[in-house]
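I opened my notebook to keep track of what I looked up here. Come along and check each entry against the picture.

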Amino acid sequence: MTYRPEIDGLRAIAVLSVILFHAGVAGVAGGLVGVDVFLVISGYLITGIIVGQRAAGTFSLRSFWARRVRRILPATLVVMLACIPFALAWMMPDELEGFGQSLVATLLSGNNVLLYLSSGYFDTASEFKPLMHTWSLGVEEQFYLVFPLVLLVLLARGRRWAGAGVVALGLASIGVAVWLGGTDPDAGFYLLPARAWELLVGAGLALGSARPGLPAPRLLGARARGVAAGAGLLAILASIVLVDGSSAVSPLVLAVPVLGTALVIAFAHEGTLAARVLSQRWLVVIGLISFSAYLWHQPLFAFARVWSVESPTVGVFLALSVAALVLAWLTWRFVETPFRRPDAVRTRVFVPVVASSAAFAVGLGLVLHSTGGLPGRIYGPDVLADGATDVTYVQRLIENDAERFVDDDRLNVFVVGNSFSRDLANSVLETYPDARLEIIHQPGVLGCFTTEPMGDLFDRRYAEAELILYATDREYPACVRDDLARAVADGKDIFYGGAKNFGDNANWITRQAPDDRALLTNRVPDRIVEMDAVARDLIPADHLVPWLDLADDGRIPITDEEGRILSPDRIHFTRYGAVYFGAHILPGTGLDAVMRSVTDGG
């Protein structure tokens, strides 16, 4: 294909926007659309390669996939292997287990699938995942595996058939993306069926080119081409500034930078203003190293967050951005460039080096997954016994789902809400182990039962309940007052769990000597303090379990007196957290009298 420096300039804008977005720089709220720009470029380039080589009679699937492996895998492995010692030294077990899973998934071209399957309530925050960004590599690699086969079948019927097929597939993908945007936004973000249209836009451009690698046929006059290319570049820049990247973005919004990229590729002929801007030497250089820059920035940012007690400043991230560019140049110069050339790194060297490195990373990833993140690095077997520090501790009441209460000698306790209600119940059970309780848990109750129908099963359980424990991770709505009034009028005791959170990062515990881990604290995030204030305003003190009463000057304990961690994921209790918070908070609440009334000798 004919080399086009303006495409490297586009790559530079794409990678810089992603890096600055992740660095938290003001003014690039939509920086993540840089990934969409990359996808369009990738679709354009690989389709051009396939079409051009097929026309010349030199194309083979084996050589195509071999080039993709040489292009992607060596630099990816270097970055992954560089991450491993820092992950082992600095990460808590839950985060390290996730890192191990990503090692395996990334090398199997499936980290996007892993992130989709693991996304949700109990997921580690993406900012702490060094390989989070390889989801986009998964999308591209899956496309590289499937699309060449489809394209060859279509091209066998002629180029018009291929163009029509690409358009049809692109429209179908857009339909999937729009549908998933409303039903399953995580799937719409991570999975190939909802992202393929962006790659297919680039593929369509390549099929429409007179010759692969050249801009589109000169359908417009020189001035019109310049205007179209300039409009495309402005669409990309406007999206970087204006799109809200903090939440799921509609495919209809993403169409702006995608079509903007298409306009630049199609009409940024030599001599247009857009081509001159994008062909500036410094942009071209960054574009050349953009793949490695993309690979390096997220691990640097993630490990900075993992290491820091408080969230690093934007200045720190900007310094790390420069470091990412330096590492990117070194990786491009000494890894990417030689390894992609069979004459520089021959197959007999390439295969054993890459295969052994990949095998090591996969093997380690499987060990980290199977051991739950090597918790023995941090705590002894006595602390780890019975899963006391594991995130699954909060799930132990899930099976308490009987349809009705059956034991007349025990207090009927109805635990309602989500995992936060199980935290509240676990703390009660740890604090009052001898209390005569029969517990039924109904998860997924996130609203008010006086204003929303909860179903016959809920109504039966509620009617028989004597004590209701309610908690969620959401801000309480005003209607909890009506729920409370109804429960009291029905002769039931009811208590609400207050807001709780163990700070933005607990990984720094790993860097403390065992004797220095007692009563460590983290700052409570402002949003949690605000949620706590709302709860205290809505719920009378004698019906509230105020977990944040243990916060001193805005800092919450994250370890107990013996240095044992109180939360596995910064929002839920370990068994030690349930014991510690229960012992310090519950005796000062109305729950204490209720529990003592059903405890022998209480």
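Which unit do strand 1, helix 18 and strand 2 make? I found a right-handed β-α-β unit, built from strand 1, helix 18 (residues 419-431) and strand 2. Right-handed here means that, with the strands pointing away from the viewer, the path from the first strand over the helix to the second runs clockwise. Helices (H or I, at least four residues) and strands (E, at least two) are DSSP runs, numbered from the N terminus.

Before going on, I noted that this is a predicted model, in which local features need pLDDT of at least 70 and side-chain atom pairs count only at pLDDT 80 or more, while totals for chains, interfaces and linings use all residues. Residues are numbered from 1 along each chain as its sequence is written, and side-chain values use heavy atoms, with hydrogens and water left out.

Entry: I traced an open sheet of five strands in the order 2-1-3-4-6, with parallel pairing. Two strands pair if DSSP finds at least two bridges between them. Strand 2 and strand 6 (544-545) are the edges, each pairing on one side only.

**Entry: the pairings.** Strand 1 (residues 411-417) runs parallel to strand 2 and is joined to it by seven bridges. I looked up two partners in strand 2: Glu438 for Asn412 and Pro443 for Gly417. Toward strand 3, strand 1 has five bridges, again parallel, and there Val413 has Leu467 as its partner. Strand 3 (residues 467-471) pairs with strand 4 (residues 493-497) over four bridges, where Leu469 stands opposite Phe495.

Entry: Are the residues of strand 1 buried or exposed? Seven of its seven are buried (under 20% relative accessible area, with exposed over 50% and partly exposed in between, for a 1.4 Å probe and protein chains only). Leu411, Val413, Val415 and Gly417 point one way, and Asn412, Phe414 and Val416 point the other way. In a regular strand, side chains alternate between the two faces of the sheet. Strand 2 (residues 437-443) has six of its seven residues buried, so the rest of the structure largely encloses it.

**Entry: a helix pair.** I then turned to helix 6 (residues 135-155) and helix 7 (residues 159-183), whose axes come within 7 Å and cross at roughly 135°. Axes are lines fitted to C-alpha atoms, for helices over the stretch in contact, and angles run from 0 to 180 degrees between N-to-C directions. The residues of this contact (heavy atoms within 4.5 Å) include Phe147 of helix 6 and Trp161 of helix 7.
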